[in-house]
Amino acid sequence: MPEQMIAGWTAQNLSDDKYLDGRLRIWQPRAGYRAGVDPVLLAAAVNIRAGQSVLELGCGVGTASLCLKAREADVRLTGLELQGDHAALAAQNGRRNGMDFEVITGDLAAMPAALKARQFDHVIANPPYFDRASSTASEHGARETAMGEAVPLAVWMQAAAKRCAPKGYVHMIHRAERLPDLLAAARGCLGSVEVLPLIARAGRAAGLVIFRARRGGRADFRLWDGVVMHKGAAHQRDEESYTDQMVNVLRHGAALEFSGAP
């Protein structure tokens, strides 16, 4: 009996994962990079309104974009993904969840012609976290493409700014230690920068940040109060320990406000 194929992948090489308490079903590769909560948090932080358009740079299998559309159905989604097999899976995930999702295969450093003449109300991205000048590359090719910074962060920022409409917003999620690089990359192409720290547990340093900036923005820089993700000072037992705010975001699709308040 022939193996079941899903967007060119054998079904046995994919996991069927639930997001937003099962409202979304996402196929993703069992090996290599696997989307966790980061794309859900990124989507939750976008100050989206009905009727707007969104471009996700490096959309992977589409988790962030589809989480965003689950929160606001009346948005137009476009994704750009370098890896053709992942792009095909992202498009399939859109169809599977009954969501229109235009996915384009291409390199953000050499923007495809199909996107060069277009601008979007929001551009979102979860760029590779690790600068390989100071870290070790993964032996798994797809994971390394997702996690290792082959394209400089400044190029990601410039690509996002160019595709962002005037007064539109760019959102990125990244490791907290890369915040200086994010700020430097935004200088001269984006303004009205806001940063929301994400803290694993109270009393710890932020591990992640969500970066928001506006094309043509002139407001002062804002560093918001950090959002604590887990209850308690340490992990005590093998069970979920998310704060009530995180449960609302990760399970119920609530927005992640930049006020720092639940």
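Guide: Let us begin with helix α1, in which D38, P39, V40, L41, L42, A43, A44 and A45 are buried. Eight of the eight residues of α1 are buried, so this helix is largely enclosed by the rest of the structure. Please bear in mind throughout that the model is predicted.

Visitor: How many helices and strands does the protein chain have, and what share of its residues is buried?

Guide: The protein chain has eight helices and 13 strands. Of its 262 residues, 51% are buried.

Visitor: How is the packing of two helices to be described?

Guide: Two packed helices are described by the angle between their axes and the distance between the axes. Here, α1 (residues 38-45) and α2 (residues 63-71) pack at about 45 degrees, and their axes are 8 Å apart. An angle between 35 and 65 degrees counts as oblique, and α1 and α2 are therefore oblique to each other. The crossing of α1 past α2 is right-handed.

Visitor: Which residues of α1 and α2 make the contact?

Guide: On the side of α1, they are P39, V40, L42, A43, A44 and A45; on the side of α2, they are T63, A64, C67, L68 and R71. By class, the residues of this contact comprise nine nonpolar, one polar and one charged.

Visitor: Let us take T63 from that list. Is T63 buried or exposed, and what does it contact?

Guide: T63, which belongs to helix α2, has a relative accessible area of 3% and is therefore buried. Beyond its neighbours within four places in sequence, T63 is in contact with Y19, I26, A35 and P39. Of these partners, P39 is among the residues through which α1 contacts α2.

Visitor: At what angle do α6 and α7 pack?

Guide: Helix α6 (residues 153-163) and helix α7 (residues 179-186) pack at an angle of about 45 degrees, with 9 Å between their axes. That angle makes α6 oblique to α7. Again the crossing is right-handed, as α6 passes α7. L153, A154 and M157 of α6 meet D181, L182, A185 and A186 of α7. Six of the residues in this contact are nonpolar, none is polar and one is charged.

Visitor: Where do D21 and S192 lie, and is each buried or exposed?

Guide: D21 lies in the loop between β3 (14-19) and β4 (24-29), and its relative accessibility of 59% makes it exposed. S192 belongs to strand β10 (residues 191-201); at 16% relative accessibility, S192 counts as buried.

Visitor: Finally, how may one read residues that are separated in sequence?

Guide: I48 and V75 are 27 residues apart in sequence, and their C-alpha atoms are 8.3 Å apart. I48 lies in the loop between α1 and β5 (53-57) and, at 13% relative accessibility, counts as buried. Beyond its neighbours within four places in sequence, I48 contacts V54, L68, R71, E72, V75 and H122.

Visitor: How many residues apart in sequence are H171 and A213, and which residues does H171 contact?

Guide: H171 and A213 are 42 residues apart in sequence and 6.7 Å apart in space, C-alpha to C-alpha. H171 is in strand β9 (residues 164-175) and is buried, with a relative accessible area of 0%. Its contacts, neighbours within four places in sequence aside, include L42, A45, V46 and N47. Others among them are H122, V123, I124 and A125, together with F211 and R212. L42 and A45 belong to the buried residues of α1, the helix with which we began.

Notes. Residues numbered from 1 in each chain as written. Predicted model: local features only at pLDDT ≥ 70, side-chain atom pairs only at ≥ 80, totals over all residues. Heavy atoms only, no water. Axes fitted to C-alpha atoms, helices over the stretch in contact; angles between N-to-C directions. Helix = DSSP H or I, 4+ residues; strand = E, 2+ residues; numbered from the N terminus. Parallel < 35°, antiparallel > 145°, perpendicular 65-115°, else oblique. Left-handed = near helix turned anticlockwise from the far one by under 90°. Contact = heavy atoms within 4.5 Å. Nonpolar A, V, L, I, M, F, W, Y, C, P; charged D, E, K, R; others polar. Buried < 20%, exposed > 50% of the residue type's maximum accessible area, 1.4 Å probe, protein only.
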